[in-house]
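Have a look at the sequence and structure below, then read on.

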Amino acid sequence: MGKVVMYSSVSVDGFVADEDDQPGPLFDWLSSGDVPLDESGELKVSQTSYDHTRAYWDQIAVTIVGRHVFDLTDGWGGKPPGGVDHVVVVSHRPMPEGWDPEAPFHFVDGVEAAVAKAQELAGDRLVEVAAGDVGGQVLAAGLVDEVRMDVVPVVFGSGKRYFGSVHAQHLLEDPDVVIQGNRVLHLRYRVRR
């Protein structure tokens, strides 16, 4: 099975969005360079960020998100973001009325079921868990192998926390990836078992 990686861009003080669910400048680094990150040409980063991020994104098969993120994005119009193959949505509610059942989105009740479904779909490739409440729940359940974050030089002061409502201590190894890009610091920590 592939690794389970918790990931997001994050403010220096640990927030993935402000109180109104807005990312503010957290994604500015995705337009701070001159190297296209994807085929759209809209995302342009430094060569250093491209080398790191593209290699990571190419390994992701499935992304796990909560229903809140799914609703905020309108389910990305039924097309998984970032070129991933599938999205697993943690939700106690059924898929939205009129949702295309052929779209590669899978609705499950609970984080354990989400990780199991994602790993089944991903095979040996990576499962990415969006940081925030669902990511924090997956970490608390002991199902996260790595924590990756793109730390952006901004302080929000309050908002939606990277680790959600995790209240217990979880030890991480020393960072084994520390890469400075334009307006971002890419970090990777393995979860200590």
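Let's start with Ile 64: setting aside neighbours within four places in sequence, Ile 64 is in contact with Val 88, Val 90, Ala 114, Val 115, Ala 118, Val 127, Glu 128, Val 129, Ala 130 and Val 134. Contact here means heavy atoms within 4.5 Å.

A word on ground rules: this is a predicted model, where local features need pLDDT of at least 70 and side-chain atom pairs count only at pLDDT 80 or more, while totals for chains, interfaces and linings use all residues. Residues are numbered from 1 along each chain as its sequence is written, and side-chain values use heavy atoms, with hydrogens and water left out.

Ile 64 also turns up in the largest nonpolar core, which has 29 residues; Ile 64, Val 138, Met 149 and Tyr 162 have the most contacts inside it. (A nonpolar core is a set of buried Ala, Val, Leu, Ile, Met, Phe, Trp, Tyr and Cys residues joined through side-chain atoms within 4.5 Å; buried means under 20% relative accessible area, with a 1.4 Å probe and protein chains only.) Helix H3 (111-122) gives this core its largest share, five residues. A second, separate core has 24 residues, including Val 5, Leu 26, Tyr 56 and Ala 103.

Now for strand S8 (residues 126-130). Four of its five residues are buried, so S8 is largely enclosed by the rest of the structure. Helices (H or I, at least four residues) and strands (E, at least two) are DSSP runs, numbered from the N terminus, and two strands pair if DSSP finds at least two bridges between them.

Next comes helix H4 (133-140). Val 134, Gly 135, Gly 136, Val 138 and Leu 139 are buried in H4, and the buried residues of H4 pack against S1, S5, S6, H3 and S8. After H4 comes Gly 142, with a positive phi near 75°.

Finally, the open space. The largest pocket has a volume of about 1500 Å³. Of its 49 lining residues, the closest to its centre are Phe 27, Val 65, Val 69, Trp 76 and Ala 130. (On a 1 Å grid over the protein atoms alone, a pocket is an open set of points where a 1.4 Å probe fits, with protein on both sides within 12 Å along at least five of seven lines; lining residues have an atom within 4 Å of a point. Grid points are joined across faces, edges and corners, and the volume is the space filled by probe spheres set on the points.)

Notes
Buried < 20%, exposed > 50% of the residue type's maximum accessible area, 1.4 Å probe, protein only.
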